[in-house]
Amino acid sequence: MGCLISQLVAKFAFFPPSPATYELKRRDDGCFAAVSAAPPQSTPIPYGEDGSSLDVLYLDTKRGNKIVAFYLKNPYARLTLLYSHGNAADLGQLYDLFVQLKANLRVNLMGYDYSGYGASTGKPSELNTYSDIEAVYECLQTEYGVSQEDLILYGQSVGSGPTLHLAAHLPRLRGVVLHSAILSGLRVVCRVKCTLCFDMYKNVNKIRKVKCPVLVIHGTEDDVVNWFHGNGLWKMARDPYEPLWIKGGGHCNLELYPDYIRHLCRFIQEMENMTTKIRLRKIKQSLRLQKKSAVCSNRCCKIKLSRPKCCQCCPKPSCAKCFWLPKCPEWRPSCPKWQFKCPECLRPGCMKCSFECQCFNCSCRSINCSCW
């Protein structure tokens, strides 16, 4: 039943452009070329402005589909950007954006079409998109020698699903960019607090597994994927980078705002300057903080004293008052010279309000008691 529901959800979740905006043709040298399907017909997609050629790839996935990928090489690049596009778009529509990102960010860029999009075969589904990005990542490793330390994953809208799927399995990834990302497919339609079995792209569960810096970009006036999706992912990230909330930005126009490319350039530059030594230091700091929080969870919230073993004395010692005024009538100090500490200023050596009487015969422990 769950499988049938998932298939039904997939039919309403994916909207590939029909017809595709480009076609594939094999050149004389055996390589593929992308040809624009818009009039005039058979117009080849142009080269980049810097003269570097476009590699058009036709990759096999483990689910038996063939997907198209564009690889744009920048001779000055130190990092590679793996771009997973949003819904209702294909590589023909995104080529101009790829050229701009490659030049402005000074990166190599790999973009791909999901199964059923553009000239890729198969039908679009959640599992197919996972196998698609895995095939592209394997190609980057084998054909271009790109390691995960030099890779940044970029996911826009629906593309945040396969992006976080791959990022959760790459512990040494350089960075992740989430552009108008979703918490999950069902949460786009309605706000639910729990994750159901037939939900798609459960990013709300996968974001916690990503160990690299995460940049979240979202428009405050997004009427397709509400801003709370991006804000929620940013709050749940283990290593969140300074987010970019574009005031007045929608779902498909964030690239038009100057802050978009400016903030993205700063993120790329910081990722380039992040050496292995810095990354190891950040990992050690996070581990130290986790260890410290685990120790502090067994101590009092204010004075950092260990929780008492007696459940009758202080069943819930959530504040310092439990320790300054013990409730157990059988409690006695071990030191005969012990002097009760001041309950007003909570300072053990206060000369203004310390008590001279050290009587412990009564069990009320009241300040107004005659024993005091």
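Helix H2 gives the largest pocket the biggest share of its lining, six residues. Helices here are DSSP runs of H or I with at least four residues, numbered from the N terminus. This is a predicted model, where local features need pLDDT of at least 70 and side-chain atom pairs count only at pLDDT 80 or more, while totals for chains, interfaces and linings use all residues. Residues are numbered from 1 along each chain as its sequence is written, and side-chain values use heavy atoms, leaving out hydrogens and water.

So what is this pocket like? It holds about 780 Å³ of space. (A pocket is an open set of points on a 1 Å grid over the protein atoms alone, where a 1.4 Å probe fits, with protein on both sides within 12 Å along at least five of seven lines; lining residues have an atom within 4 Å of a point. Its volume is the space filled by probe spheres set on the points.) Of its 36 lining residues, Gly86, Asn87, Ser157, Val158 and His251 sit closest to the centre. Two or more residues come from each of H1 (2-13), H2 (91-105), H5 (185-189) and H8 (258-273).

Now look at how H2 meets H8. They pack at an angle of about 50°, with axes 10 Å apart; axes are lines fitted to C-alpha atoms over the stretch in contact, and angles run from 0 to 180 degrees between N-to-C directions. Leu101, Asn104 and Leu105 of H2 touch Tyr260, Ile261, Leu264, Cys265 and Ile268 of H8, with contact meaning heavy atoms within 4.5 Å.
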